[in-house]
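Hello,

Here is the structure for your set-up. Please look through it first, then read my notes below.

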Amino acid sequence: MPQQLVVTAIGPDRTGIVSKLARLVTECNCNIIDSRMAIFGSEFTFIMLLAGDLPAISRIEHLLPALGLELDLTTMSKRTTGRPRTQVVAHYVLDYAGPDKVGTLGAITGLLASHNIYIGSLQSETTSMADGVKMRTQMTIELPEGIHAQVIEAELNALMQQLGLHGSFQAQI
């Protein structure tokens, strides 16, 4: 029976880190199901969802700390199971931008949480401009059965206006 493992790594950015992590995954006879990589400041960050049989997952759990030490990475792993699929009516992309203010992301995600709306992915960044610091966020969300997109869109638009943001809420194709 396939097992799953979430692996995270963070440390100083340099060439070859992804290659060495991927090589370890291969040598342990695991498969990368999903992964994300980003550079935050001068730090490399990587997260992977791995699948493999019990011996393969156990082996990578055993070998990962030593590779992390060799690469000057802080690593962490956690076993997990496949995400149960819920009845999703539609996928949407919420994209908004405006002045960077404390609490903006919390307000938007709080509105979504109040409707039990699942956030599938989120990317946010800030940029220094001549007229101040600006932010832009994009997230994919899943509307569950019984939630009407028009209601959510109206509430999001009202909140974005209140926060001085502009954005869009579009069905994902």
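The notes start with the whole chain and then turn to single residues.

This is a predicted model: local features need pLDDT of at least 70, side-chain atom pairs count only at pLDDT 80 or more, and totals for chains, interfaces and linings use all residues. Numbering starts from 1 along each chain as its sequence is written, and side-chain values use heavy atoms, with hydrogens and water left out.

**Whole chain**

The protein chain has four helices and eight strands. Both are DSSP runs, numbered from the N terminus: helices are H or I with at least four residues, strands are E with at least two. From the N terminus on, the order is β-α-β-β-α-β-β-α-β-β-α-β.

The radius of gyration is 20 Å, while a compact globule of 173 residues would be near 16 Å. That radius is taken over C-alpha atoms, and the globule rule is 2.2 Å times the number of residues to the power 0.38. The C-alpha trace spans about 50 × 45 × 25 Å along its principal axes.

Of the 173 residues, 31% are buried. Buried means under 20% relative accessible area, exposed over 50%, and partly exposed in between (1.4 Å probe, protein chains only). The chain exposes about 10,600 Å², and carbon and sulfur atoms supply 55% of that area. Areas come from the Shrake-Rupley method with a 1.4 Å probe; for residues, only the protein chains shown count as cover.

Contact means heavy atoms within 4.5 Å. Take the contacts between residues at least 6 apart in sequence: 71% of them join residues at least 24 apart.

**Aromatic pairs**

Rings of Phe, Tyr and Trp (its six-membered ring) pair if their centres lie within 6.5 Å; planes under 30 degrees apart are stacked, over 60 edge-to-face, and the rest tilted. The count is two aromatic pairs. In one of them, Tyr92 and Phe169, the ring centres are 4.5 Å apart and the planes are at 5°, so the pair is stacked. It links distant parts of the chain: Tyr92 is in strand E5 (residues 88-99) and Phe169 in strand E8 (residues 166-171), 77 residues apart. Tyr92 and Phe169 are buried.

**Cysteines**

A disulfide needs two cysteine sulfur atoms within 2.5 Å. The count is zero. Cys28 is in no disulfide; its nearest cysteine sulfur, in Cys30, is 5.8 Å away. For Cys30 the closest cysteine sulfur is that of Cys28, and 5.8 Å is too far for a bond. Cys28 is buried at 3% relative accessibility. Cys30 is buried too, at 12%.

**Thr45**

Thr45 sits in strand E3 (residues 43-52). Its relative accessible area is 15%, so Thr45 is buried. The Thr45 side chain reaches the backbone oxygen of Ala38 at 2.8 Å. Leaving out residues up to four places away in sequence, Thr45 touches Ala9, Ile10, Arg36, Met37, Ala38, Ile39 and Phe40.

**Gly120**

Gly120 belongs to strand E6 (residues 118-129). At 41% relative accessibility, Gly120 is partly exposed. With neighbours within four places in sequence set aside, Gly120 is in contact with Thr140 and Ile141. Gly120 and Pro65 are 55 residues apart along the chain, and their C-alpha atoms are separated by 29 Å.

Best regards

How values were computed:
A polar contact is a pair of N or O atoms within 3.5 Å; within protein, one must be able to donate a hydrogen and the other to accept it, and residues adjacent in sequence count only if both atoms are side-chain atoms.
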